[in-house]
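Here is a short note for a colleague who is opening this structure for the first time. Please keep the view at hand while reading the points.

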Amino acid sequence: MEYSETEAHFLVCPHCGHRFLQKLKVNFNTADHPEDKAAVRNGSAFVVRCPRCGHEWHLHYSFFYDQPEDLLAVYCLTEDKDAASVADAIRRNTLPPQARPSVVPRWQQYTWRVVRTEEECREKLAIFDAGLDDRCIELFKVFILNQLQAQAPDFHADEVWFARNPDKPAGDPAPYVFTIVDLKTNQVAQTPFDDAIRPLYDQIAVNFGDDMERLFSREPVIDLTWARNCLDAIQTKN
């Protein structure tokens, strides 16, 4: 069963109030459309233009991103019930054929992820682009936050993001950075993911890799909450 690449939705321009019907791309496949890879990463895939006044804005909605060449699939689902339902289906190994990638015989080899926002999806893609394990990155964040709390107790870390540093040129040996945000004070702290801290990531992979596979091999929701639960589960086991 084939699924549609687009869905038609009525939108209202936030600038002039014009109501119009717009096809939104909800299924991205980088094998069929290589341009999807850059469009999702830079956000251009989600820019809408009003046909009356020409105003452009960024629209946030649910979509499915399939990168068959790397056996990677990400569901970005903005509704709680949808995210919970798909995540549970992945855990139970019961995704329907129309929800699987186009190369069905390989679907069980995929890395499946469920996220809630486009920003989370971009972070996942940045992690996998870097050849890293997002589970280790989330555990890494916990260690970063614990260290930050000890060094700067007044800094309240509301968000932590892993991303390519836009200030780094192409070919830079350390192009990725962790950004920690205190939303109350708008303070930002950054830690580059470079050779100085890469050994900690490698140590996390070695120390927790087997337990992560045993306890969470089919878990599609990988975030800070998962990381803390993972550490608790491993500590309880030991």
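At what angle do α4 and helix α5 pack, and how far apart are their axes?

1. Basis. This is a predicted model: local features need pLDDT of at least 70, side-chain atom pairs count only at pLDDT 80 or more, and totals for chains, interfaces and linings use all residues. Residues are numbered from 1 along each chain as its sequence is written, and side-chain values use heavy atoms, with hydrogens and water left out.

2. The helix pair. α4 and helix α5 (residues 198–216) pack at about 120 degrees, with their axes 9 Å apart. That makes α4 oblique to α5, because angles under 35 degrees count as roughly parallel, over 145 as roughly antiparallel, 65 to 115 as roughly perpendicular and the rest as oblique. Axes are lines fitted to C-alpha atoms, for helices over the stretch in contact; angles run from 0 to 180 degrees between N-to-C directions. Helices (H or I, at least four residues) and strands (E, at least two) are DSSP runs, numbered from the N terminus.

3. Who meets whom. Contact means heavy atoms within 4.5 Å. On the α4 side, R135, C136, I137, L139, F140 and F143 take part. They meet residues of α5, among them L200, Y201, I204 and F208.

4. The sheet. Three strands form an open, antiparallel sheet in the order β9-β10-β11. Its edge strands are β9 (159–164) and β11 (187–192), each pairing on one side only. Strands pair if DSSP finds at least two bridges between them. Neighbouring strands here are turned by 25 degrees against each other on average, direction ignored.

5. Inside the sheet. β9 and β10 (residues 176–182) pair in the antiparallel sense over 6 bridges. E159 stands opposite V181 in β10. Helix α3 (residues 118–129) packs on the sheet and touches β9 and β10; its direction makes about 50 degrees with that of β9. Helix α4 (residues 134–151) also packs on the sheet, touching β9 and β10, at about 50 degrees to the direction of β10.

6. A buried cysteine. C50 lies in the loop between β4 (47–49) and β5 (56–58). At 0% relative accessibility, C50 counts as buried (under 20% relative accessible area; exposed is over 50%, partly exposed in between; 1.4 Å probe, protein chains only). Leaving aside neighbours within four places in sequence, C50 is in contact with C13, C16, H18, F20, H55 and W57.

7. A buried asparagine. N27 lies in strand β3 (residues 27–29). N27 is buried too, with a relative accessible area of 13%.
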